[in-house]
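Reader: I should like to learn how to read the strands, helices and aromatic pairs of a model. Please take me through one case.

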Amino acid sequence: MGYSPNQVYRRDGYRTSEHELEDQSFHYRLDENVGLYGVFDGHCGSTAATFVVEKMPAEILLGQLMEHSTEEEIREVLYQAFLAVEREYFSEIIGQQLAERTQLLSEIPDGMTPYDTFKDYPALLDRLEKLNQQVASGTSAVVALIFYGKLYVANAGDSRALLCRTDGDGVLRVVQLSVDHDLRNEDELLRLQRLDLNRDKIKQIGRIGNQENTRCLGNYLVKGGYKEDATLAAAVVEPVIAEPEIHAGVILDEIGRAHV
């Protein structure tokens with residue numbers, strides 16, 4: 001498992017990073033029976049991905065699972081870990097920025113046009129733009145837990161988990177265990193439609209708010225701030241969610257290999 005920074009290949013043969021490395025990963029092997037692996041594809045900076053990679057292992061491994069935990073209990077631990085880490089992120093990391101952002105927004109008179117706001121409050125808008133960049137940081141997440149011979153996968157966003165296994169004939173077979181949560185996923189489009197969003201308009205735009213994924217950790221602008229986005233404001237609840245999709249445990253044998 002590894003990663004490569006976002007590279008731009010130039011005509012002169014040299015490479016340069018298009019932006020700072022926003023992705024993170026972890027791998028922990030507690031003993032021969034328990035291993036935890038994760039990949040986090042950050043966007044709008046690395047703040048969210050860095051926080052999640054530091055907090056997620058503790059939410060899963062520190063006393064929550066026992067040798068005889070049922071599959072239902074394991075799935076619940078993975079599910080709650082995603083939600084708990086996001087709550088911590090909004091509270092501990094960007095809570096101060098969110099408070100300042102709310103205060104600045106309250107200083108803009110109701111009904112003021114964007115032009116008048118730009119003309120009368122240039123410094124305020126400049127600060128709001130910087131705060132928006134900070135609170136927009138988010139990350140997709142895919143976590144693979146190997147627990148006493150079974151592989152469990154949880155993901156939110158479009159980072160993928162693949163199971164690579166050699167069959168009885170010695171042929172390597174690759175199966176995608178996770179599901180991409182993006183605008184090509186018909187189930188996700190249906191979920192958005194049920195929230196009173198126009199699925200055709202969203203597909204035409206090709207984005208949901210400032211991102212392409214329909215699920216992620218972090219990114220306040222498509223969570224608590226979604227009412228400020230014209231394409232998302234009609235939603236009855238937050239349209240982009242942190243809830244992971246949990247995939248049933250896969251039995252690993254002596255020739256099984258799991259790769260995230």
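Author: We begin with strand β5 (138-147), where 10 of 10 residues are buried. Buried denotes a relative accessible area under 20%, exposed over 50%, and partly exposed in between, with a 1.4 Å probe and protein chains only. Helices (H or I, at least four residues) and strands (E, at least two) are DSSP runs, numbered from the N terminus. The model is predicted, so local features need pLDDT of at least 70 and side-chain atom pairs count only at pLDDT 80 or more, whereas totals for chains, interfaces and linings use all residues. Residues are numbered from 1 along each chain as its sequence is written, and side-chain values use heavy atoms, with hydrogens and water left out.

Reader: Which residues point one way from β5, and which the other way?

Author: Gly138, Ser140, Val142, Ala144 and Ile146 point one way. Thr139, Ala141, Val143, Leu145 and Phe147 point the other way, and all of these are buried.

Reader: How many bridges join β4 to β5?

Author: Two strands pair if DSSP finds at least two bridges between them. Here 10 bridges join β4 to β5 in an antiparallel arrangement, with Phe40 opposite Ala141 of β5. Ala141 also stands opposite Ala156 in β6; β5 and β6 (residues 150-156) are antiparallel and share seven bridges. These two strands form a hairpin with two residues between them, and Tyr148 in the turn has a positive phi of about 50°. Finally, β5 and β9 run antiparallel with two bridges, and Leu217 in β9 is the bridge partner of Thr139.

Reader: Where does the kink in helix α1 lie?

Author: The bend at a residue is the angle between axes fitted to the seven residues ending there and the seven starting there. In α1 (residues 47-61), a kink of about 30° lies at Lys55, shortly before the proline Pro57. Pro57 is among the buried residues of α1, which also include Phe51, Val52 and Val53. Contact means heavy atoms within 4.5 Å; the elements covering the buried residues of α1 include β3 (24-31), β4 (34-43), α2, β5 and β9. Just after α1, Gly63 has a positive phi of about 90°.

Reader: What should the 23 residues of α2 span?

Author: The expected span of a helix is 1.5 Å times one less than its number of residues. For α2 this gives 33 Å, and its end C-alpha atoms are 33 Å apart, which agrees. Buried residues of α2 include Ile74, Val77, Leu78, Tyr89 and Phe90.

Reader: How is a pair of aromatic rings described?

Author: A pair is described by the distance of the centres and the angle of the planes. Rings of Phe, Tyr and Trp (its six-membered ring) pair if their centres lie within 6.5 Å; planes under 30 degrees apart count as stacked, over 60 as edge-to-face and the rest as tilted. By this rule the count is six aromatic pairs. Tyr89 and Phe90 make a tilted pair, 5.8 Å centre to centre with 50° between the planes. Phe90 and Tyr220 make an edge-to-face pair, 6.3 Å centre to centre with 85° between the planes. This second pair links distant parts of the chain, 130 residues apart: Phe90 lies in α2 (residues 71-93), and Tyr220 in the loop between β9 (217-218) and β10 (245-251).

Reader: Are Tyr89 and Tyr220 buried or exposed?

Author: Tyr89 is buried, with a relative accessible area of 1%, and Tyr220 is buried at 18% relative accessibility. Phe51, Tyr89, Phe90 and Tyr220 form one aromatic cluster.
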